[in-house]
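Please look over the sequence and the structure before reading the points below.

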Amino acid sequence: MVVVTLVGERLAKKGNEFLYLGPNPECKNCKLKTVCFNLKRFRRYRIVGIREKRHSCNQHDGGVRVVEVEELPVIAGMEGKVKEGSKVKVKAMDCKRLDCENFEICHNPAIDQNKEYKIGKILGDMKCRLGKRMVKVELSEI
């Protein structure tokens, strides 16, 4: 599903991807904040269309541009056997290995442990510094 939002002029290129970190408190009085803040926190998005409309912005050098974005699947690390199409709840990993190349995947802040997800694609095995059998998967919300 395509969503319309605002991004900085320099980021506004078709195909660019970005991570939405959430509302900026400095924008609380901006009349356009509802358009900027209409994305899901900690989710990745890809710009699929660029509209001609531009706006000035105190946070972005060069202003902001109206763009169309698509939400990308959540990438997660799951332990054990997984099956495409199955419904799962993702549990927090008990790992403190910040030096691991997969730490961000295994501790993805976009994942809500109270929600159920559907496994879209299995992206392959992951190296685990704790010796666990880990698989990288794409998840979508149910």
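The model is predicted: local features need pLDDT of at least 70, side-chain atom pairs count only at pLDDT 80 or more, and totals for chains, interfaces and linings use all residues. Residues are numbered from 1 along each chain as its sequence is written, and side-chain values use heavy atoms, with hydrogens and water left out.

**Strand pairing**

- Helices (H or I, at least four residues) and strands (E, at least two) are DSSP runs, numbered from the N terminus.
- Two strands count as paired if DSSP finds at least two bridges between them.
- Strand E1 (residues 2-8) runs antiparallel to strand E4 (residues 64-71), with 7 bridges joining them.
- Val3 has Val69 in E4 opposite it.
- E4 also pairs with strand E3 (residues 43-55), in the antiparallel sense and over 7 bridges.
- His55 has Val64 in E4 as its bridge partner.

**Pockets**

- On a 1 Å grid over the protein atoms alone, a pocket is an open set of points with protein on both sides within 12 Å along at least five of seven lines, a cavity is a set where a 1.4 Å probe fits but cannot get out, and lining residues have an atom within 4 Å of a point.
- Grid points are joined across faces, edges and corners, and a volume is the space filled by probe spheres set on the points.
- The largest pocket holds about 620 Å³ of space.
- Its lining has 28 residues, and Cys27, Cys36, Cys57, Gln59 and His60 are the closest to the centre.
- At least two lining residues of this pocket come from each of E1, strand E2 (17-20) and helix H1 (33-36), and E1 gives the most, with 4 residues.
- The lining of the largest pocket comprises 15 nonpolar residues (Ala, Val, Leu, Ile, Met, Phe, Trp, Tyr, Cys and Pro), 3 charged (Asp, Glu, Lys and Arg) and 10 polar (the others, Gly among them).
- The second largest pocket holds about 320 Å³ of space.
- Among the 15 residues lining the second largest pocket, Leu19, Phe42, Arg44, Ile75 and Asn108 lie nearest its centre.
- E2, E3, strand E5 (74-79) and helix H2 (103-106) give two or more residues each to that lining.
- The lining of the second largest pocket has 9 nonpolar, 2 polar and 4 charged residues.

**Cavity**

- There is 1 cavity of 30 Å³ or more in the structure.
- The largest cavity holds about 90 Å³ of space.
- Its lining includes Met93, Cys95, Cys100, Cys106 and Cys128.
- By class, the cavity lining has 8 nonpolar, 2 polar and 2 charged residues.
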